[in-house]
Amino acid sequence: MSDLNAHLLPGLTHWQAPSFAAWYPAHTTYPGLLGELLSGAINAIGFSWASCPAGTELESIVLDWLADALALPAAFRTHHDGEEGGGARGPGGGVIQCTASDAVLVALLAAKARALGGWVAAAPGGGGGGAGDAAAALAATRLVAYTSDQAHSCVRKACMVAGIAHLRELPTREEDGWSLRAPALEAALAADAAAGLTPCFVVATIGTTATCAVDDVAGIGACLATSFPEEEGGGGGGGAPGRPWLHVDGAYAGTAAVCPEHRPQPAWAGLSSADSFSTNAHKALLTPFDCAPLWVADATHLRSALSLTPSFLRGTANDLDFRDWQVPLGRRLRSLKLWMVLRTYGRSGLQAFVRHAAGLAERFEAHVASDARFEVAAPRRLGLVCFRLAGGDPGASKATAALVEALNAGGKAMMVTAEVGGRTLARAAWGGAGTQARHVDGAWAAVVAALEGMGGGSV
Ligand code: PLP
């Protein structure tokens, strides 16, 4: 411990410090830590139902609870008779991925398998280099993915990993609150169809990383339904193109839907048109990293993309062999910490925490609005306030970047910048597990002091 204190802690970025407002939060809480400790002690590796029966069942049960608390569509539930963990299993369900990036990658792999009629390169039984393989491999080069220019970089990375050559990062506009709207998607789908390409995967975001913008999920779902009517569906196979897979990334803002007033409508209702949805319990739901629930309406395509049964795993097949729902084989018992968090705080405790974080952001925004040297730079949502120094660009962008650098060098608070629409914004993401109003006030005082240290704020 003396080595830890002397050598390691001074060199860490302190995510649990109450005036840490960089990126998005990551919570350490007592029930979450206890869950991690027990999970480490039990250390059951749940690649299949048989390798971790109760842990696998617990995962599907807590994700059904969370799906209910977030008012997700019924298709995302594993169990359908209202009884916890019992009764009929539907085609869909939830699984805990390590990160939101994994969730997006896994959804893309399922989308790709669906678009290619179940063909997966190098899958057992295929890959012989026959004419069918050559045609499918060629079809794979024509697949296109769509998202917004505000989407997280994990969408591009998923395309890099999955070998998707065409990614459209569709433009958003300040007057739409940086939200992706259906007409931009509709135009891109039409242009690609005319060019002989195959739309395969669409990622909409609820709560973008830079400004917490919410894409028009309902409009995007309706656009896909109109452009790809169901009777034409089926995916690949040489017939009419199937409907692209719609994934909704709610990494940060998704868990805030425990509060009905934080279900942004009509986007939230539009989730009924999504094939999959993911969020990070490790960002704003009091659960330590890593815990990224992913729900799918139909796991069939996940299995076609990812199922592989080596001889040492034969004979115990189960629908809930989670190795078929993720990239790695091994997996941690992550459901334990989520279970402990949900059981300890309950729905009302989680709601109170989300409202507390939103209140802190409102307080910080009021500080910004009260000082003419600053401006609020994007609509505030949940715990995130985007602000910048007032004045024209490029001066204001440069000065805002310098301000955040000076603030962070001072060590009293930490924030980061983002580039949106060619301008630099400062982001203050409130909602640390221990953050109180006095920390927000102290961080604002540190921002003002940093500005005055730079010469008073003329830009
Ligand atoms: N999606 C969004 C909207 C995010 O804000 C983030 C991270 O901040 C991610 C995805 C990536 O999250 P993870 O680190 O869990 O992959």
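Predicted model: local features only at pLDDT ≥ 70, side-chain atom pairs only at ≥ 80, totals over all residues.
Residues are numbered from 1 along each chain as its sequence is written, and side-chain values use heavy atoms, with hydrogens and water left out. Local features need pLDDT of at least 70 and side-chain atom pairs count only at pLDDT 80 or more, whereas totals for chains, interfaces and linings use all residues.

Secondary-structure elements are DSSP runs numbered from the N terminus, with at least four residues for helices (H or I) and at least two for strands (E). Strand E5 spans residues 245-250. It is mostly covered, with 6 of its 6 residues buried. Buried means under 20% relative accessible area, exposed over 50%, and partly exposed in between (1.4 Å probe, protein chains only). In a regular strand the side chains alternate between the two faces of the sheet. Trp 245, His 247 and Asp 249 point one way from E5. Leu 246, Val 248 and Gly 250 point the other way.

E5 pairs with strand E4 (residues 198-205) in the parallel sense, over 5 bridges. Two strands pair if DSSP finds at least two bridges between them. Val 203 stands opposite His 247 of E5. E5 also runs parallel to strand E6 (residues 276-279), joined by 4 bridges. There, Thr 279 in E6 is the bridge partner of Gly 250.

A polar side-chain atom of Asp 249 lies 2.6 Å from a nitrogen atom of the ligand. A polar backbone atom of Ala 100 is 2.8 Å from a ligand oxygen atom. For Thr 99, a polar side-chain atom lies 3.4 Å from an oxygen atom of the ligand.

Empty space was examined next. Rolling a probe the size of a water molecule over the atoms shows where empty space is left. The search used a 1 Å grid over the protein atoms alone. A cavity is a set of points where a 1.4 Å probe fits but cannot get out. A pocket is an open set with protein on both sides within 12 Å along at least five of seven lines. Lining residues have an atom within 4 Å of a point. Grid points are joined across faces, edges and corners, and a volume is the space filled by probe spheres set on the points.

The largest pocket holds about 550 Å³ of space. Of its 33 lining residues, Tyr 24, His 152, Thr 209, Ala 251 and Lys 283 are the closest to its centre. Strand E10 (416-420) gives the most to this lining. Its share is 5 residues. The lining has 15 nonpolar, 13 polar and 5 charged residues. Here Ala, Val, Leu, Ile, Met, Phe, Trp, Tyr, Cys and Pro count as nonpolar, Asp, Glu, Lys and Arg as charged, and the others, Gly among them, as polar.

The second largest pocket holds about 470 Å³. Of the 25 residues that line it, Val 120, Ala 121, Ala 305, Leu 306 and Ser 307 are the closest to its centre. This lining divides into 19 nonpolar, 3 polar and 3 charged residues.

The whole structure has 3 cavities of 30 Å³ or more. About 100 Å³ lies in the largest cavity. Its lining has 13 residues, and Tyr 252, Ala 284, Val 354, Ala 357 and Leu 382 are the closest to the centre. Helix H11 (residues 335-369) supplies the largest share, 3 residues.

His 282 sits in helix H9. It counts as buried because its relative accessibility is 4%. Its side chain makes a polar contact with the side chain of Asn 280 at 3.2 Å. A polar contact is a pair of N or O atoms within 3.5 Å; within protein, one must be able to donate a hydrogen and the other to accept it, and residues adjacent in sequence count only if both atoms are side-chain atoms. The His 282 side chain also reaches the backbone nitrogen of Cys 291 at 2.8 Å.

Most residues other than glycine have a negative phi, and most peptide bonds are trans. The peptide bond from Gln 265 to Pro 266 is cis, with omega near 5°. Pro 266 lies in the loop between E5 and E6. The bond from Phe 289 to Asp 290 is cis, with omega near 5°. Trp 23 has a positive phi of about 40° and is partly exposed, at 40% relative accessible area. Ala 122 has a positive phi of about 65° and is exposed, at 72%.
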